[in-house]
Amino acid sequence: MPEIALQLDIAAPREVVLAALTTHDGLTAWWTTAVDRDGDVLLFDFPDVPEPFRLRVERADRDRVVWTNAGSFPPHWAGTWISWELADRPASPDRPVVPDRPAAPDHPAAPDHPAAPNHPAAPDHPAAPGRPAPAEHTRLLFRHGGWQPGSEDGVPAVAGTWAELLVRLKDYAQSGKVQPYFVTAHRHDGP
């Protein structure tokens with residue numbers, strides 16, 4: 001069974017990438033302008049399609065987002081799933097280890113899961129001594145699998161579209177620039 005797998009490094013904190021995959025504003029910024037939700041099912045509308053793509057959110061946390069196809073359209077997506085695995089990008093020369101040192105009284109060591117105002121993107125966000133500096137980059141592994149026999153012919157075209165979409169996702173996460181791949185005013189009525 002074929003599977004689409006694409007990996008890229010994004011110069012943005014994991015929380016930013018996660019928001020791009022799990023929020024209305026995030027999804028409409030890089031994928032399609034027509035995103036709705038019915039419970040745990042995301043509805044994605046595109047130009048010239050008879051009904052929205054329906055994807056059930058199976059998991060959405062800091063490490064992984066998983067959707068499964070929950071609709072009959074498009075037919076070649078029947079039984080497929082989409083997985084987004086997020087990880088801090090491995091250490092590199094531009095992300096040195098912070099030497100062991102006591103934390104200054106006004107800058108206590110950061111928790112492993114910082115929240116505002118200690119957001120990882122904040123320039124004065126302190127790193128815990130002896131640990132890598134806070135990750136400002138995310139490694140994203142995208143996979144689209146579960147293709148049924150007979151759907152293989154459509155996989156290369158879908159893979160090409162996903163590649164283009166991931167470039168827009170990366171650009172949005174890194175710059176905040178809104179540039180959805182699909183722009184449509186058309187919306188289908190609910191589920």
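This is a predicted model: local features need pLDDT of at least 70, side-chain atom pairs count only at pLDDT 80 or more; totals for chains, interfaces and linings use all residues.

Biologist: How do you know how much confidence the predictor has in the protein?

Modeller: We look at pLDDT, which runs from 0 to 100. The average here is 81, and 73% of the residues score at least 70. Residues 95-129 are another matter: their pLDDT is below 50, although in the model this stretch has 54 contacts beyond near neighbours in sequence.

Biologist: What makes valine 155 count as buried or exposed?

Modeller: Buried means under 20% relative accessible area. Valine 155 has 8% relative accessibility, so it counts as buried. This residue sits in helix α3, and it touches Pro2, Ile4 and Trp147, leaving aside residues up to four places away in sequence. Between valine 155 and tryptophan 77 there are 9.5 Å in space, C-alpha to C-alpha, with the two 78 residues apart in sequence.

Biologist: And why is aspartate 48 called buried or exposed?

Modeller: The cut-off for exposed is over 50%. Aspartate 48 reaches 81% relative accessibility, so it counts as exposed. You will find aspartate 48 in the loop between β3 (41-45) and β4 (53-60). It also has a positive phi of about 60°, although it is not a glycine.

Biologist: Is serine 151 buried or exposed, and how do you know?

Modeller: With the limit for buried at under 20%, serine 151 is buried because its relative accessible area is 8%. Serine 151 belongs to the loop between β7 and α3.

Biologist: How do you know where the buried residues of α1 lie around the helix?

Modeller: In helix α1 (residues 14-22), the buried ones are Arg14, Val17, Leu18, Ala20 and Leu21. Looking down the axis of α1, they fall within an arc of 155°, so they line one face of the helix. As a general point, an α-helix has 3.6 residues a turn, so residues three or four places apart point the same way. The partners that the buried residues of α1 pack against are β1 (4-10), α2 (24-30), β5, β6, β7 (138-145) and α3.

Biologist: Which residues touch the most other members of the largest nonpolar core?

Modeller: They are Trp30, Trp31, Phe44, Trp67, Trp84 and Trp162, in a core of 38 residues. Helix α3 (residues 155-175) gives the largest share of this core, with eight residues. Take phenylalanine 44: among the residues it touches, not counting those up to four places away in sequence, are Leu27, Trp31, Pro52, Phe53 and Trp67.

Biologist: What is the form of the peptide bond from phenylalanine 73 to proline 74?

Modeller: That bond is cis, with omega near -5°. Proline 74 lies in the loop between β5 (64-69) and β6 (81-88).

Biologist: And what share of the 191 residues is buried?

Modeller: Buried residues make up 40% of the protein. As for its surface, the protein exposes about 9800 Å², with carbon and sulfur atoms supplying 55% of that.

How values were computed
Residues are numbered from 1 along each chain as its sequence is written. Side-chain values use heavy atoms; hydrogens and water are left out. A nonpolar core is a set of buried Ala, Val, Leu, Ile, Met, Phe, Trp, Tyr and Cys residues joined through side-chain atoms within 4.5 Å. Buried means under 20% relative accessible area, exposed over 50%, partly exposed in between (1.4 Å probe, protein chains only). Helices (H or I, at least four residues) and strands (E, at least two) are DSSP runs, numbered from the N terminus. Contact means heavy atoms within 4.5 Å. The arc is that of the directions from the helix axis to the C-beta atoms. Accessible areas come from the Shrake-Rupley method with a 1.4 Å probe; for residues, only the protein chains shown count as cover.
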